Amino acid sequence: PAPAPAPAPPPAAAAAPGARVVGGPAGLLGSASLLASAGAGLPVAAPLATPPVVVPLATPPASVGLLLGSVPPDFHAETTHGPIRFHTFIGGSWSALFSHPADFTPVCTTELGSVAQLMPQFEKRGVKVVALSCDSADSHSRWASDVLSLARLPAEKLPFPIIADPTRAIAEKLGMLDGTNPQPGMPLTCRAVLVFAPDKTLKLSLLYPASSPKL
């Protein structure tokens, strides 16, 4: 009697979208390797009988913040200089927006003091400057007194506004949240600097975690 035919290999598992297949006919013994063996006169190995292993691929983040050349979303904000509409505030000038994790922190205070001392140079070049920190406008105003004292400036208020963003809504729009911060609660804004051209397109972006010292 004729020998019984060999059992057919099990069907390959269907891979989910966004996954790659390892092993099986589509993996280690793919069609390219089979054709190469046949062309060289070598014995062709049979496809593996074991089902392939489906390995899910990492999902890219939904948002990576602002891209170079993009225009930031317009927004309304409360600041130490009163309410502003961002696109109206920067107008047709070069502008710089920089963020800090929190008020009354030593590093942030020295950074804002340095910017306040340099404001005559920014104004000479027609550059609009605005800061952002994830606290209230009232907290910013009280913090500004410390900044002015440290910078030894006799002014009654900082020469640039600080945006209040206690809900982190603006920081999220601009991609300024620090996802590496392990502390519980709402995420902090990272240390960021965004520079916009007169047409409001992003020309420079510096971004580093709140745990790092100033650059």
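Visitor: Why is Arg142 called partly exposed?
Guide: The relative accessible area of Arg142 is 46%. A residue is buried under 20%, exposed over 50% and partly exposed in between, using a 1.4 Å probe and protein chains only. Because 46% falls in the middle class, Arg142 is partly exposed.

Visitor: Before we go on, where do these values come from?
Guide: This is a predicted model, in which local features need pLDDT of at least 70, side-chain atom pairs count only at pLDDT 80 or more, and totals for chains, interfaces and linings use all residues. Residues are numbered from 1 along each chain as its sequence is written, and side-chain values use heavy atoms, leaving out hydrogens and water.

Visitor: What makes the pairing of Asp138 with Arg142 a salt bridge?
Guide: The term asks for a side-chain nitrogen of Lys or Arg within 4 Å of a carboxyl oxygen of Asp or Glu. Here the N to O distance is 3.3 Å, so the pair qualifies. Side chains of opposite charge can pair when their charged atoms come close. A search of the whole structure finds one salt bridge.

Visitor: How far along helix α4 are Asp138 and Arg142 from each other?
Guide: They are four residues apart, which means a separation of about one helical turn. As for the word helix, helices (H or I, at least four residues) and strands (E, at least two) are DSSP runs, numbered from the N terminus.

Visitor: What angle do α3 and α4 make where they pack?
Guide: Helix α3 (residues 106-124) and helix α4 (residues 137-151) pack at about 65 degrees, with axes 8 Å apart. The axes are lines fitted to C-alpha atoms, for helices over the stretch in contact, and angles run from 0 to 180 degrees between N-to-C directions.

Visitor: Why is that crossing of α3 and α4 called right-handed?
Guide: A crossing is left-handed if the near helix is turned anticlockwise from the far one by less than a right angle, and right-handed if clockwise. The passage of α3 by α4 belongs to the right-handed kind.

Visitor: Which residues meet there, in α3 and in α4?
Guide: From α3 come Cys108, Thr109, Thr110, Leu112, Gly113 and Gln117, and they meet Trp143, Asp146, Val147, Leu150 and Ala151 of α4. By class, this contact has six nonpolar, four polar and one charged residues. Nonpolar covers Ala, Val, Leu, Ile, Met, Phe, Trp, Tyr, Cys and Pro, charged covers Asp, Glu, Lys and Arg, and the others, Gly among them, are polar.

Visitor: How do you know that Lys200 is buried?
Guide: Its relative accessible area is 19%. That value is under 20%, so Lys200 is buried. Lys200 lies in the loop between β8 and β9 (202-208) and has a positive phi of about 70 degrees, although Lys200 is not a glycine.

Visitor: What does His87 touch?
Guide: Beyond residues up to four places away in sequence, His87 touches Val71, Pro72, Pro73, Asp74 and Lys200. His87 is found in helix α2 (residues 86-90) and, with a relative accessible area of 19%, is buried.

Visitor: What makes Val195 partly exposed?
Guide: Val195 has a relative accessible area of 22%. That is between 20% and 50%, so Val195 is partly exposed. Val195 belongs to strand β8 (residues 191-196), and its contacts include Trp94, Thr201 and Leu202.

Visitor: Where is Gly69?
Guide: Gly69 is in the loop between β2 (53-56) and β3 (76-77). Gly69 touches Thr201 and Leu202, leaving out residues up to four places away in sequence. At 45% relative accessibility, Gly69 counts as partly exposed.

Visitor: And for the protein chain, what share of the residues is buried?
Guide: Buried residues make up 33% of the 215 residues. The chain exposes about 12,500 Å², with carbon and sulfur atoms supplying 65% of it; the areas come from the Shrake-Rupley method with a 1.4 Å probe, and for residues, only the protein chains shown count as cover. There are five helices and nine strands.

Note on methods: Contact means heavy atoms within 4.5 Å.
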